[in-house]
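User: I would like to learn how to read the contacts between chains in a model. Can you take me through them step by step?

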Amino acid sequence: MGEYIVRRLIYGVLVLFIMVTFVFVVMRAVPGDVVTLQLADSGATEEQIQALETELGLDKSMIAQLGDWLTGAFQGDLGNSLWSGLPVTEIIGDRLPVTLQLSLMSIVLAILIGIPVGVISAVKHNTFIDHLLRITSVGGLSIPNFWLGLILLTGFALVFNWIPPLGYQSFIENPVVNVQQMILPAICLAITLSASIVRMTRSAVLEVLHSDFIRTIRSKGAKERVVIYKHALRNSLVSVITLIGLQVGYLLGGTVVLESIFSLPGLGSLIFETVSARDYPVVQASVLIFGAMFLLVNLFVDVMYGWVDPRIRNS
Amino acid sequence: SSSDSSTDSNANSEAESANGEANTSEPKYGGTFTMVTPADPDTLDPHRQSSIYTHQMAGFVYNKLVTYETGPDVDFTDYNVVPDLAEDWEISEDGTVYTFYLREAYWHDKEPVNGRQVNAEDVVATMERIIELPGHQAALLSEVESIEAADDTTVVFTLKQPFAPFLNFMANHFMWILPKEAIDGEVDLTTDAIGTGPFVLEKWDDNVQATYSRNPNFFEEGKPYLDELIYKVVPDQGARIAAFRTEQAEVIGGISPEELDTLVKSNPDITVREVLFPTQEQVYVNMEREPFNDLRVRKAISMAIDRQSMVDSIYGGGEVSGPVNPSLGSWALPLEEREALLPYDPEGAKELLAEAGFPNGFDTTLIVTDGYGEQLVRVAQWITEDLRNVGINAEMEVVEYATYFSERWPKVDYDIGVGYQTYFQEPDEWLRTQMHSQGARNWYNTKDSDLDEMLDDQRMILDENERLEKVHEIQRYILENVLNPIPVSTYYVMTPHQQYVKNYEPHASYGHIHMKNVWLDKE
Amino acid sequence: MTTVFQTRKGTVEAVNDISFSITKGETVAIVGESGSGKSVSALSILKLLESNGKVSSGAILFNDLNLAELSNEEIRKIRGKDIAMVFQDPMSCLDPVYTIGDQIIETIKIHEDLSKKEYVERAIELLRLVGLPDPENRIHTYPHQLSGGQRQRVMIAIALACRPSLIIADEPTTALDVTVQAQIMELLKDLQSKFETSILLVTHDLGVVAEMADRVVVVYAGQVVEQSSVIELFENPQHPYTEALMRSIPRIETDRNQRLQTIKGNVPSLDDTPTGCRFHPRCQFATEKCRVEEPPIFQVADNRISKCWLVDPDSDIEISYPSATKEKIDEDVYIDVSNRLEEKELLLDVKGLKKHFPITKGILSRTVGHVQAVDGVSFHIRQGETLGLVGESGCGKSTVGRLITGLIDSTDGEVSFDGNDLISSNRKTMKDLRKRMQFVFQDPYSSLNPRMTVLDIIGEPLEVHGLAKGLDKQERVGELLETVGLSKNDMNKFPHQFSGGQLQRIGIARALATEPDLLICDEAVSALDVSVQAQILNLLKDLQKKMGLSYLFISHDLNVVKYISDRIAVMYMGEIVEVTDSETLFENPMHPYSKALISAVPIPNPTIVPERIILEGEVPSPSNPPSGCKFHTRCPMATEFCKQQKPVLRELSSGHIVSCHLFGEGEEKWGNIL
Amino acid sequence: MSQVQIESEIPIKKHLATRTRLLRVKNQCIRFISMQKIGVISALFILLVIAVAILAPVIAPYDPVAQNREAFLSAPTMQHLMGTDDLGRDVFSRIIYGARISLLVGFATVIISIILGTIIGMISGFFGGIVDMVIQRIMDSIMAIPALILALFIAALLGPAVQNVIIALVIIEIPRFARIVRGEMMRIRETNYVEASRSVGANSLRIIMKHGLPNMMAPIIVMASLAFGQTIIAEASLSFLGIGTPPPNSSWGLMLSNASRYMESAPWLVFFPGLALSLLVLAFNLLGDALRDFLDPKLSS
Ligand SMILES: Nc1ncnc2c1ncn2[C@@H]1O[C@H](COP(=O)(O)OP(=O)(O)OP(=O)(O)O)[C@@H](O)[C@H]1O
Ligand SMILES: Nc1ncnc2c1ncn2[C@@H]1O[C@H](COP(=O)(O)OP(=O)(O)OP(=O)(O)O)[C@@H](O)[C@H]1O
Ligand SMILES: [Mg+2]
Ligand SMILES: [Mg+2]
């Protein structure tokens, strides 16, 4: 397992490298550059523009820039923002926890809703409840979460005269306020995710319920509850976990929209802001972090497999 | 620059009515004032950033040598220069030497400045920094030959030649005075600010909020009244309104007129400040491209636009603007004259087009960026429709902001465009930067030697009335003979604040310089 | 104890009015072709049917308790405690995520309240009982860490956990190799005698029945057609179906020159059961009465019933099976060709063929070892000859087949076909040679593209080799279909519209399309029911006679191989250990492995008690084969020498080649060492 | 004469074969209709939306960009069934035209990414080895960036335009299709019927085209119908963030984005486009589900 994790990490670094190179090249290839953007309205001279280019290190060849950046990145230095001059690590350090917490809360919420509902749907297979739950879950997948976010926010404001407290506060600072701020966006994100978890749990549990070993367990005289929760669910978890790993991508994407609706200073809105400012290092680093988050979650998912399924653990 | 000054962002406001009663009662001390805006700056360094957010936050902390007057009796657009850090100043006869006498003021009590007294060194260092750094602010001091500290409290500016806008430029928001320690790099100006202003920056969480506390050593005795000032970022309009409703915010900005209407209907108590926006929408054409080099076509475009209906329905009110923005008060042409020179006359437009050889109109592309927010895109759509009505089929192209601002607009790569201009506070800026053939922001290929000459002349006229005449004359000339960029309209910014907020008398210049006077009438 | 089922599945009846009984300590076998309702009957007893099925009428009496009427909760208490089950596929019948210890303990926990320590002790004891070595440590292993045989032992341990009085075993050995099957059967018999448990054995293998059962229930299309004691049944079957079934399996003693008896047609589908006697459409003796009237169950003798009008005491029809069978045999006596084989030309010559599959690891696909799937195999096939290739699962049989046809590249060795070297030949020659060498696959369904019509499937080789197109192709395909006994009209159908036997005929037709000289049949009949298997075997024999084909016949079923092959090669772990003609191999196997293999084959004759050589342990991993003679780890006669020195193939007598130290130079050296 | 007759027989037989195929297709349709009621309803709804989109100029009561300067933000009335927006444009007409954009983005994205994804996946899955290794790493790196983030990145860089949204979404979808196709190809490559085909001498191209493609259609179709829904939502999200379809087009996402400024004063602006969007996505998801069930041999028997 240890070797496996190391291998996956190396592999992840490779993937991140391709990704960053892609982002790096694309950002510089498209129209709009940061120096003009900063100096266009000041009537700055050629020399001033060049001086700024040199100051920002943008006068070097693209390969040299990439090389510099990567060298820095390996040492944990992601460069400085081209606009504020702040270290990118610091900027991201401020934003990352928000996105992480939001994602985490949504995943937990989604699991808490999705798995039990999925199991019920599978057990009540082909009954009215099952149909209802299935349709609801497809419905959950079909509602754009930004729409849901808008409606929840306005709805709460109009009906209860309540909105999440303004001004993001971290969980450590003020857990109560923090949770109040995070809960609505987390619900919006969780709804889509839990809908897919319901569907996946349902089909996985159904499939497992039809497998041979379940018959063995029944033939032992096990109670139905044991059959379902101890055996069927546990065996279905691999597919559910896989799904969560894959859906984390959607979830992280969704954070962008909800962060903007619920005024949360997260990583998603950071990318959004900095892409149009052509703040290359910040965008590169944010994309990198998102990629790394995705890969780490999936690595974690793979490690979870081992925990859930001994066959994978030993191979 | 105009880059970050989205229309939604202006929280400035002007006392329109009923400010008498506010002043009758004694100001109360204390309380927290929360200001909610759609965004905040990337950096706090006021000389490196022209963003309105940077300067709004700078205004709480820093002072200039001179500033503008604010108050119940002062109009939002009155640019009356009054003392700030400079207690007094003298101008030499020939208008080339300005001597400023500093008052006794102390920096905020923060490391490494630790509340020492402000001296001339600080001012000189600041001015040198302004000149050295690339950017718009350097242009404001371009006529300055030397800056010297005559003694600890006296600073002398020597100009290359008489320069009418100088004092006005000294009151410009770029002129925030910084402590020398900060300029020497002992303070991280991107994230921190140590000034002399009414409020002390306690903490800034980028994109979340900035918290300020009362400066007990502020040089204006007894001010400010507020204990705490919070500058909060809430990008979503709905959330801002909700925050206002729930009294989590004292004042909010960037609210669409319709939503404001709904808000006022449900909360009749609230006060809405209505002020002229210090910039305007402009339609500009590329004068090097056919058929826009033809004055008749430009006039036709201008006549096609139903300015008043547009500003009323999109912004909920405003007026026809001119080459100098109406927010500059008397420097702008009087409203009647603007309306007369920029008429709405689709039939006339069609005739002019026919005269110019386009009886059936023509096809073209109109660029706009969404970087300033949705309103401008709506304006562009409105104008597109107006143009279509006179036969100009303009296909609208929404350009990504960075591309717009670094490739299209400054490089004059477009047929027609619709955009905002930066918030200039000097007629010279409005006219010369945009329309002089050498103008830093002449991004329209406008060239007119007569105009160039007139523009050069007016900056030398030291007599204010004489200069005013000249500026008006230039504007008339522009509207009749040049007409690029084509002024569209200036709208009223409507800012709601809670009814218990008193003395909230904002000014058109950047920096919320009125906040030192504000107090809260609540327990 | 009498049980009667009537199970309804939606509208279909999978089991129709079945009655049988089991007494204490007795083994009753249910036999029948696939789909006849064996498993459903077994599952019905414990109400373990899928949710769409239920026992609709009848009673299941267990010690006077009617299981059919019990509530779910009540039946749950009986499951595992009084009646336990063992299922066919040990791979899929254990929960993969819990240790075997947990799974055994779970059973005990459900029914008995003991302390934690006692549970573990009980589990260990059970594992010891079923002969799993090192049970103390093994209880912590997961199912996937065990071999098939070991898992089946665990299944039995679970079944035995609460000392049930009845074990229902549904095809408990079908998924296992013969040698392992022999181990398990031995174990079951042992345990039964120890605990006096009754066993209800569900199987389709008459050999297993003969060996294990006391009484037999024959089912056909959901009905019991015959019930009798095992000896009587094999001696004198009373139902034409039973009779036909027994005739259609090739046995070791079956004359290779005779055709196998087949049962025409297929098992009827459940939604389309024939009227009258359900067997009548396939029955040689069917009369008008059979067609319309369903026969009742006739008591033929004590404890012996048959559901056939033929045994109706009032009936006037005389039955004489032998004559019926004989008539068939007369028709199709084969000319014994084996004598002339020597003269025939050499068609395929394989020398020192090796295939090592690399085991890769890591992102860089580092090779960390090799699976020595085929490790130096040499044999030859003459024109018109059939070579059988037998061996346990995973020994490399299929790989040999693939290597010969060039579907995979060999690591080493030579293959020459009709004088042409295959390995070094270029693409073009290779393609031409392929034309003459065709494959018939094990699973007829999966080897046919489900989205192609039969015309396209059989036409594919014709197109690929540019033999026929358009109309010609259609004609050729039509001919081929007729050759394998199908109709021209089937051309435009899709594979799913055919039965297994028909599909295999299509597979054969495809293989014949290019008019090959050699057919490689990889387990070509293993997936088929016995009666269909017989049809295909007959077809293959006919084709050989007609077209002079040669076969490389790969199978693990020794009875089948014996029946069809002229010579047989026995493989063990990628190596050939013995080659000889089929008679000799069965009469006088030399290699200990061949001996064990042959002795392990269940003989469908209850009167014969086979002398079994039970091989210990499991097949070693081919990626890490034992040193010396690869068989030494399981060989009852292994010596120290075998561990060190690899034996070579030696011709002991004409055409009889063996690789064992017991014969040849090893003997002397062994002597020396001792 | 005889020559002619023989020749004419081929087309007849060919025709017969085609007819059997058609018949099979027809039977499948009938089976689908009888088995998957919800799927049929969804398909009908989608067809309806497609028809509405095509016939938009005929159906829509107003020009979607025409500004009625007499009626800004008018609530639903008989004249404007779903009200008007902030520029006085008819919401109903805009929704009808908006269907064009949603469907255009959906179809273009899905079709282009199916084609490219299938080609890439086939190559990767069939040839394996180093080719597969390289392709997969590239696909991995695209997939490692969360979809919306990648779209946001690309669309924000390229600027707001429908074709840029499609480019962004295609880049996102390609690896997903490629992965499925690759997996299917690897599975099919190992099936007995491919081995059988190889054993009769068929070459790679034939195997890919005759055996590969037809047998992976089922998962591709299911994937495609689900991708439709995701794509439509993604387009809306991008438009919501202001980097999708640019004004004055009437994309649903864009309408929602504008409407968010009038949540209180003109709730119908949020309600109708949101409803249209959800219904269409729901229909695609339900259809995808129905197809999955239908095409899954385990469930369809
Ligand atoms: N859950 C079910 N739903 C519908 N039909 C079923 C179900 N289970 C079994 N059947 C049908 O019942 C019939 C009998 O099946 P059963 O499994 O008992 O056969 P079997 O004799 O055990 O065959 P095999 O030797 O292949 O195991 C078959 O035709 C099968 O298709
Ligand atoms: N492509 C492959 N890669 C790696 N190992 C393989 C491959 N194909 C077969 N093997 C291994 O080679 C050995 C021989 O396999 P093969 O299929 O030839 O056995 P077999 O005798 O035909 O078995 P069975 O009776 O189960 O069909 C097995 O251990 C198998 O796991
Ligand atoms: Mg069975
Ligand atoms: Mg095999």
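Analyst: Start with buried area. This is a predicted model. Chain D and chain A bury about 3800 Å² between them. Carbon and sulfur atoms account for 77% of that area.

User: Which three residues supply more of the area that chain D buries against chain A than any other three?

Analyst: They are Ile149(D), Phe153(D) and Leu157(D). Together they supply 17% of what chain D buries against chain A.

User: How many residues of each chain are in contact there?

Analyst: Chain D brings 44 residues, and chain A brings 46. Of the five pairs of chains in contact, A and D share the most contacts.

User: How many salt bridges and polar contacts does the interface of chain D and chain A have?

Analyst: Take the two counts separately. The rule finds zero salt bridges between chain D and chain A. Polar contacts do occur: six residue pairs, both partners at pLDDT 80 or more.

User: Which elements of chain D give two or more residues to the side that touches chain A?

Analyst: Five helices of chain D do: H5 (129–144), H6 (147–158), H7 (162–190), H9 (204–240) and H11 (268–295). H11(D) gives the most, with 13 residues. By residue class, this side of chain D has 28 nonpolar, seven polar and nine charged residues.

User: How many salt bridges does the rule find across the interface of chain C and chain A?

Analyst: Two. One pair to inspect is Glu106(C) with Lys220(A), a salt bridge whose closest N and O atoms are 3.1 Å apart. Polar contacts between chain C and chain A number eleven residue pairs, both partners at pLDDT 80 or more.

User: Which elements of chain C supply at least two residues each to the side that touches chain A?

Analyst: Helix H2 (72–78), strand S7 (83–86), helix H3 (100–111) and helix H6 (148–160) of chain C. The largest share comes from H3(C), with five residues. The residues on this side of chain C divide into 15 nonpolar, eight polar and eight charged.

User: What about chain B and chain C: how far apart are their nearest C-alpha atoms?

Analyst: Those atoms are 41 Å apart, and the two chains do not touch.

User: Next, surface patches. Which residues form the nonpolar patch on chain D?

Analyst: The patch consists of Phe107(D), Ile111(D), Ile112(D), Ile115(D), Leu116(D), Ile119(D), Ile123(D), Phe127(D), Ile130(D), Val131(D), Val134(D) and Ile138(D). Together they have about 1000 Å² of accessible area. Helix H4 (91–127) and H5 of chain D each supply at least two of the patch residues. H4(D) gives the most, with eight. Ile115(D) lies in that helix, H4 of chain D.

User: Last, the fold of chain A. How many helices and strands are there in chain A?

Analyst: Count elements, then look at the dimensions. Chain A has 13 helices and zero strands. Its pattern along the sequence is α-α-α-α-α-α-α-α-α-α-α-α-α. Along the principal axes, the C-alpha atoms of chain A fill a box of roughly 85 × 55 × 35 Å.

Key. Residues numbered from 1 in each chain as written. Chains lettered and ligands numbered in written order. Predicted model: local features only at pLDDT ≥ 70, side-chain atom pairs only at ≥ 80, totals over all residues. Heavy atoms only, no water. Contact = heavy atoms within 4.5 Å. Buried area = accessible area lost by both parts, 1.4 Å probe. Salt bridge = Lys/Arg side-chain N within 4 Å of Asp/Glu carboxyl O. Polar contact = N/O pair within 3.5 Å; in protein donor to acceptor, adjacent residues only side chain to side chain. Helix = DSSP H or I, 4+ residues; strand = E, 2+ residues; numbered from the N terminus. Nonpolar A, V, L, I, M, F, W, Y, C, P; charged D, E, K, R; others polar. Patch = residues over 30% accessible without salt bridge, like charges linked within 9 Å, V, L, I, M, F, W, Y side chains within 5 Å. Areas by Shrake-Rupley, 256 points an atom, 1.4 Å probe, with all protein chains shown as cover.
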